[in-house]
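Visitor: I would like a short tour of this model, one question at a time.

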Amino acid sequence: FPRVAERVRRIKPSPSTFAAERANALRREGRSIVSLVVGEPDFDTPAHIRQAASRAMEVGATRYTALAGTFELRQAIVAKLERENGLVYVPDEIIVTNGAKSAIYSALAATLEPGDEVIIPAPYWVSYPDMVLACDGLPVPVACPENQGFKLTSAGLDAAITKRTRWLILNSPSNPTGATYSAAEYRALAEVLARHPSVLVMTDDIYEHIRFEGGTAPHLLSAAPELRDRTLAINGVSKTYAMTGWRIGWVAGPRDLVRALDTFLSQSAGNSCSISQAAAAAALTQDQGFVAESVAIYRERRDATAAGINAIPGLSCRMPEGAFYLFVNCGGLIGRATPDGRRLETDGDVVLYLLDSVGVAVVAGSAYGLSPYFRLSIATSHEILADGVARIARAVADLA
Ligand code: PLP
């Protein structure tokens, strides 16, 4: 009989990790590869944050912390929520986790009964559906096409809610599209939610600062404060402060749900790394200059790369309002033939063709629940992006 549980057999490894590994394998074979796959800042963690971690080690902050996180970090999160989002919480309503990823998984594990439905606007971050499946729930993707700005509408939400709906997951700015909800769009969703009081909401705010119109992205709870008692606001330091390896995320929410997470985590992951917690507290309370500087660089890359892509016949992309990806429409390439006579039928075929013919690695839209697209990460240098766009243009020009 199988040694691996059904729970694990029904999920798949992250497609972006798979694409990154494939690109690395080709590189080891000596191929020249431009990888536009990764979903992490290419900057180093700012020096003052690294120094706070060294200091923490020197003064002995090397032991278990409170499960929910150090009081210092939870206070820093409370202050951040008030300062940046206008949201009022107390430290008891915060729990620190091993990255936002573990926050989302733990929240699902602590609340889903078998068969409970989770509404996931598509395109979505690849991990949501598999996390739901791993927790015995049923992911319910709702297509949010490009002509809706890749966003969930009140009608789309209304049609997706059933008696089994437990969660709605919102991610703004979104991975992979960068789409960002306005306060008015949130209000429209909140009006639907008002008729369904048992539906809980998770807001994945991880890209809130990577935003090209300036300022933090609007928050669901500032637009619809009445949802506070059924919303978990999830965030972390990974993207904002180039701290993906430090593994610090958090949840802010009503006490009963936060307590359930506390219980679940106390018997699974335990507290998150004490040294990383000290670094995250420094990130949240000290100089914020890095955030604006890095966003300015992402903006230049977005502008140049989107212009390059939009100049290629058959490809087009919307200007993302935030995050660090372009979600490129490759519908114009479907049906065309490669130089060796293969017809491109899916975005997966397009992605394989780009890798095989010109060594550009991107991730197919199918991984994010919407085709025919591919996701291209701009979290890499101007030179690499320009090389990538030139290679894509060459590959497209070779199609019949
Ligand atoms: N949420 C989204 C939408 C992401 O894209 C990612 C990382 O790729 C995460 C959460 C995970 O963040 P963390 O590093 O805090 O686990």
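Visitor: Which residues does the UniProt annotation "domain: Aminotransferase class I/classII large" cover?
Guide: This is a predicted model, in which local features need pLDDT of at least 70 and side-chain atom pairs count only at pLDDT 80 or more, while totals for chains, interfaces and linings use all residues. Residues are numbered from 1 along each chain as its sequence is written. UniProt positions are given in that numbering, feature names are shortened, and annotations may be inferred rather than shown by experiment. According to the unreviewed UniProt entry, the annotation covers residues 33-391.

Visitor: Which element gives the largest share of the side of domain 1 that touches domain 2?
Guide: The contact (C-beta atoms, placed from the backbone, within 7 Å) takes 33 residues from domain 1 and 31 residues from domain 2. Helix 2 (15-28), helix 12 (289-310) and strand 10 (325-329) each give two or more residues to the domain 1 side; helices (H or I, at least four residues) and strands (E, at least two) are DSSP runs, numbered from the N terminus. The largest share, 6 residues, comes from helix 12.

Visitor: Why is one side of strand 9 and of strand 12 left without a neighbour in the sheet?
Guide: The open sheet of 4 strands is antiparallel, in the order 9-10-13-12; two strands pair if DSSP finds at least two bridges between them. One side of strand 9 (316-317) and of strand 12 (363-364) lacks a neighbour because both stand at the edges, each with a single partner strand.

Visitor: Which strands are the edge strands of the open sheet of 7 strands?
Guide: Pairing in this sheet is mixed, and the order is 2-8-7-6-5-3-4. Two strands pair on one side only, and these are strand 2 (94-97) and strand 4 (138-143).

Visitor: Which residues come nearest to the ligand?
Guide: The shell holds 13 residues, a residue being near if its C-beta atom, placed from the backbone, lies within 6 Å. Helix 5 (residues 99-111) supplies the largest share, 3 residues. Those that come nearest are Gly 99, Ala 100, Lys 101, Gly 236 and Ser 238.

Note on methods: Two residues are in contact if their C-beta atoms, placed from the backbone, lie within 7 Å.
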